[in-house]
Amino acid sequence: MTILFFTLIIFLGSILAGLLGSLTGLGGGVVIIPMLTLMLGVDIRYAIGTSIVAVIATSSGAASAYVKEGFTNIRLGMFLEIATTLGAVGGAIAAVYAPTNAIAIIFGCILIISAFLSLKKKPSYIQHTESSRLAKFFKLGSSFPEKNGTEVFYTVRHVTGGFLMMSFAGILSGLLGIGSGALKVLAMDNIMRVPFKVSTTTSNFMIGVTAAASAVIYFQRGYIDPGLCMPVTLGVLLGAFAGSKILTKSETKSLRYVFAIVICLLAAEMIYNGLTNRI
Amino acid sequence: MRKKFADQDIEIIIGNLLRAGVIISSSIIIIGAIIYLWQSGHQHPDYRKFEGMNNTFYSLAYVMNGVSKFSGEHIIQLGVLILIATPVARIVFSIIGFIKEKDNLYIIITFLVLFIILGSIVFGIKA
């Protein structure tokens with residue numbers, strides 16, 4: 001296989017990954033790592049470095065459109081970024097020392113959890129009750145514009161629990177080279193009770209910053225290779241852009257199931273390869 | 001309500017900044033890709049063995065040196081570095097926004113996030 005052909009295969013695969021990632025909300029990173037390691041035999045450390053760059057690309061691309069809509073809670077995002085960036089730095093340093101087969105096994109498990117989370121019905125909380133003392137201190141409550149132009153105000157609960165969950169999401173992001181958007185949304189939806197639209201956009205907004213913290217470490221350790229990053233970044237961006245134009249949410253339900261099954265199969269293979277020391 | 005307007009100004013600036021970062025970096029990556037594939041498209045890739053720091057892609061000085069010699073791979077790497085820097089630039093802009101709003105608490109919080117990321121540069125070398 002020549003470099004030209006190799007690049008073309010990765011490029012096409014990444015377009016598909018970006019497309020599916022944006023339609024299902026799982027992000028592109030979860031498919032990039034299995035594609036590179038299982039299909040093309042790339043060392044998992046290169047795959048992780050490549051994936052984190054793709055995560056930054058899609059997050060920045062999507063966030064540029066999101067922030068203008070006014071759903072993103074910048075203060076909430078910035079406050080929680082303390083947790084995610086600290087976690088990411090710790091996770092990336094751990095990745096340098098952890099054996100690669102252990103990383104593959106953890107990756108497989110997180111993949112399965114993310115797939116289940118993506119299928120779960122998303123509750124949308126809008127809290128009008130009194131904010132907790134911490135939420136008030138950090139000014140985390142905010143508002144977003146409704147379609148008819150009225151402002152909907154909401155408050156935030158369980159700040160400490162949300163913060164801890166975000167640290168965990170950050171560690172996984174740094175260790176595995178993924179955005180861990182599913183866990184970020186979980187922390188904001190289920191623990192902090194932030195309205196769904198706000199949590200999705202704010203989580204996406206945070207993913208780029210979290211990924212940048214670990215990408216800096218990966219870069220200095222030689223995980224980031226231009227020959228792999230080039231087709232993956234361009235492909236994922238193209239796919240995500242196309243995905244944002246094509247479908248509306250209601251049409252993607254069966255697609256979500258198919259994607260979740262594919263991801264579980266990939267996860268099983270990653271875990272198997274990890275256990276048998278093939279990765 | 002005045003605070004809300006200031007918030008929205010920052011959001012629009014940040015949105016444009018992120019878009020510019022993605023467009024500039026992917027343009028540089030495309031230029032690098034053409035040179036790279038022209039130079040070594042017929043060779044055989046090998047990513048089975050992790051080289052780590054045995055190449056010249058892991059430091060800014062090496063990357064710039066490669067760019068000055070029109071090496072396709074190093075030009076791609078420069079584009080990748082600009083992409084990584086985009087969210088960091090976003091934080092710097094957020095600090096300016098919070099200074100304008102005179103929100104001292106969030107000036108501190110945003111600086112803290114910036115320091116953690118800049119600190120990871122130090123950790124990356126020592127790790």
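Predicted model: local features only at pLDDT ≥ 70, side-chain atom pairs only at ≥ 80, totals over all residues.
Good morning. With 17 C-beta neighbours inside 10 Å, A:H158 counts as partly exposed.

A:H158 sits in the loop between strand 2 (151-154) and helix 7 of chain A. Its phi is near 45°, a positive value in a residue other than glycine. As background, most residues other than glycine have a negative phi.

Is B:F70 buried or exposed? With 11 other C-beta atoms within 10 Å, B:F70 is exposed.

Helix 7, residues 159-176, packs against helix 8, residues 181-191, of chain A: their axes come within 9 Å and cross at roughly 170°. That angle makes helix 7 of chain A roughly antiparallel to helix 8 of chain A, because angles over 145 degrees are classed in this way. On the side of helix 7 of chain A, the residues in contact include A:G161, A:M165, A:F168 and A:L172. Helix 8 of chain A contributes, among them, A:L183, A:K184, A:L186 and A:I191. By class, the residues of this helix contact are ten nonpolar, two polar and one charged.

I turn now to the core. The largest nonpolar core has 124 residues, and those with the most contacts inside it are A:V53, A:I56 and A:A215. Helix 3 of chain A supplies the largest share of this core, 14 residues. Which residues does A:V53 touch, not counting residues up to four places away in sequence? Within chain A they are A:A215, A:I224, A:C229 and A:T233, and from chain B they are B:V80 and B:L83.

This leads to the contact between the chains. It takes 54 residues from chain A and 56 residues from chain B. On the side of chain A, the elements giving two or more residues are helix 1 (3-24), helix 3 (44-69), helix 4 (74-97), helix 9 (196-220) and helix 10 (226-246). The residues on that side of chain A comprise 33 nonpolar, 14 polar and seven charged.

Finally, a word on confidence. The model scores ipTM 0.91 and pTM 0.92. For chain B, the mean pLDDT is 89, and 91% of its residues reach 70 or more. Thank you for your attention.

Technical notes: Residues numbered from 1 in each chain as written. Chains lettered and ligands numbered in written order. Axes fitted to C-alpha atoms, helices over the stretch in contact; angles between N-to-C directions. Helix = DSSP H or I, 4+ residues; strand = E, 2+ residues; numbered from the N terminus. Parallel < 35°, antiparallel > 145°, perpendicular 65-115°, else oblique. Contact = placed C-beta atoms within 7 Å. Nonpolar A, V, L, I, M, F, W, Y, C, P; charged D, E, K, R; others polar. Core = buried A, V, L, I, M, F, W, Y, C linked by C-beta atoms within 7 Å. Buried ≥ 20, exposed ≤ 12 C-beta atoms within 10 Å, placed from the backbone. pLDDT = per-residue confidence, 0-100.
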